[in-house]
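Please open the model in your viewer and keep the sequence panel beside it. The tour begins with the whole chain and then moves through a few selections.

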Amino acid sequence: MPTGSSQLTRAVRLHSHGFRTPADDAVGVVERLGAVQAQDLGAAKWAIGSRMTRPAPESIDAALAGRRIVRSWPMRGTLHILPTRLLRPTLRLTSPRVLANARLRHERLELGDVEYRAARDAVERALAGGGTATRDELASLWSEAGIEATGPRTYHLIWWLALDGVLCGGPVAGRVQHFALLDEWAPAGADEPETAEQTLAELFTAYLRGHGPATLADFAWWTGLTVRDTRTALHAAGERVERFVDGTADDGPDRYVGAGATDAAASRPSGALALAGFDEYYLGYADRSPVCDPRFGDLVIPGGNGVFQPVLVLDGRVVGTWKRSGTAAKPRVGLRWFETPTASAERRFERPLRAWARFQGTDLQGIDSTVA
């Protein structure tokens, strides 16, 4: 039986993720969720847009340009979009372990302290005064400075500098990310958490506000932090979080929510959602069974390859995946159901899929269905 799977669990999850009370802007979505996984920038934009009252890619680009949210590698060594004020404090907690785990990979790429220092000096000189550069432009910059910057070496130099708080994602133009010096793009502010305990409290509170009900193990997986850190986070969060009780017999680990979330949520989950690949509703947990039968996990992440497919969510359950099909001139969407759907279930997805098409600036020509 899926762990902690109940109607109330899914209803509160839908509420926590903001699907019942969409935000007016991208900043509101990101602040509610705490962070949005964003290695696929297009998917991340729809993950944010699907939780907005008036979703538009340009408004998300504008929010990133406004510097209240930022794209970087704050957790698990993976790209996320998160509130800018939490980037530096989070990196102080997470980056030492991530970089320690990357040491062997860097040795194989022949990246050491000498290469790091040379790359950092070059980028700090080139971008000083508010400059930005794309990945390709950074590669050219480093090549001109005599640093081999081809293939994965370029990525890992950017990644290393971002984990050290030197670089961060700057403005975005469509699907093209520019990078900037963090201290110039978003200087440290007085509203940043100062201590590790304060940072843990804020991360845990934000995670539960945007993901609850969830366990300490879920939070540890999401952040890449230790069990000790998660216990500190729970204690430091205090009354901002509370234990989730749904009245069912469940001998699993304790689950927590943002304070008041259970009372604010509907008692039953409802609605049809066409969510992005890598969406936090499925991805953001160590245990995904409350919203998706484990039998179907391999259909969301084929072969365990780490690529999370866009998912169909019906009344809080993940019931299938979907993808764009057809041609550029005649775009369609293909649905792949885990089990044979009812006719009414298929019809319920027309509205969210057409909302996605409008977000993409296209006119959807039709929807096709198959069963896995």
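What share of the contacts in the protein chain with a separation of 6 or more comes from residues 24 or more positions apart? In this predicted model, such residues account for 66% of those contacts.

Stay with the whole chain for a moment. It holds 18 helices and 13 strands. Its radius of gyration is 21 Å, close to the 21 Å that the globule rule gives for 372 residues, so the chain is as compact as a globular protein of that length. Along the principal axes, the C-alpha trace spans about 60 × 55 × 40 Å. Of the 372 residues, 53% count as buried. Colour by charge next; the chain has 44 positive and 44 negative charges, and their mean positions lie 5 Å apart.

Now select residues 196-211, which form helix α11. At 1.5 Å a residue, its 16 residues should span 22 Å, and the end C-alpha atoms are 22 Å apart, which agrees. Buried residues in α11 include Leu200, Leu203, Phe204, Tyr207, Leu208 and His211.

Go from there to Ser16, in helix α1 (residues 7-16). Ser16 counts as buried because its relative accessibility is 0%, where the cut-off is under 20%. Beyond its neighbours within four places in sequence, Ser16 is in contact with Leu208, Arg209, Gly210, His211 and Gly212, and also with Arg32 and Ala261.

The peptide bond from Gly212 to Pro213 is cis, with omega near 0°. Pro213 is in the loop between α11 and α12 (216-223). Most residues other than glycine have a negative phi, and most peptide bonds are trans.

Two loop residues come next. Where is Glu110? Look in the loop between α6 (103-108) and α7 (113-127). Glu110 has a positive phi of about 60° although it is not a glycine, and it is exposed, with a relative accessible area of 59%. Then select Asp315, in the loop between β10 (311-314) and β11 (317-326). Asp315 is also not a glycine, yet its phi is positive, about 50°. At 24% relative accessibility, Asp315 counts as partly exposed.

End at Glu350, in helix α18 (residues 350-360). Glu350 is partly exposed, with a relative accessible area of 39%.

Methods. Residues are numbered from 1 along each chain as its sequence is written. This is a predicted model: local features need pLDDT of at least 70, side-chain atom pairs count only at pLDDT 80 or more; totals for chains, interfaces and linings use all residues. Side-chain values use heavy atoms; hydrogens and water are left out. Helices (H or I, at least four residues) and strands (E, at least two) are DSSP runs, numbered from the N terminus. The expected span of a helix is 1.5 Å times one less than its number of residues. Buried means under 20% relative accessible area, exposed over 50%, partly exposed in between (1.4 Å probe, protein chains only). The radius of gyration is taken over C-alpha atoms; the globule rule is 2.2 Å times the number of residues to the power 0.38. Contact means heavy atoms within 4.5 Å. Lys and Arg count as positive and Asp and Glu as negative; His and the chain ends are not counted. The place of a charge is taken as NZ of Lys, CZ of Arg, CG of Asp or CD of Glu.
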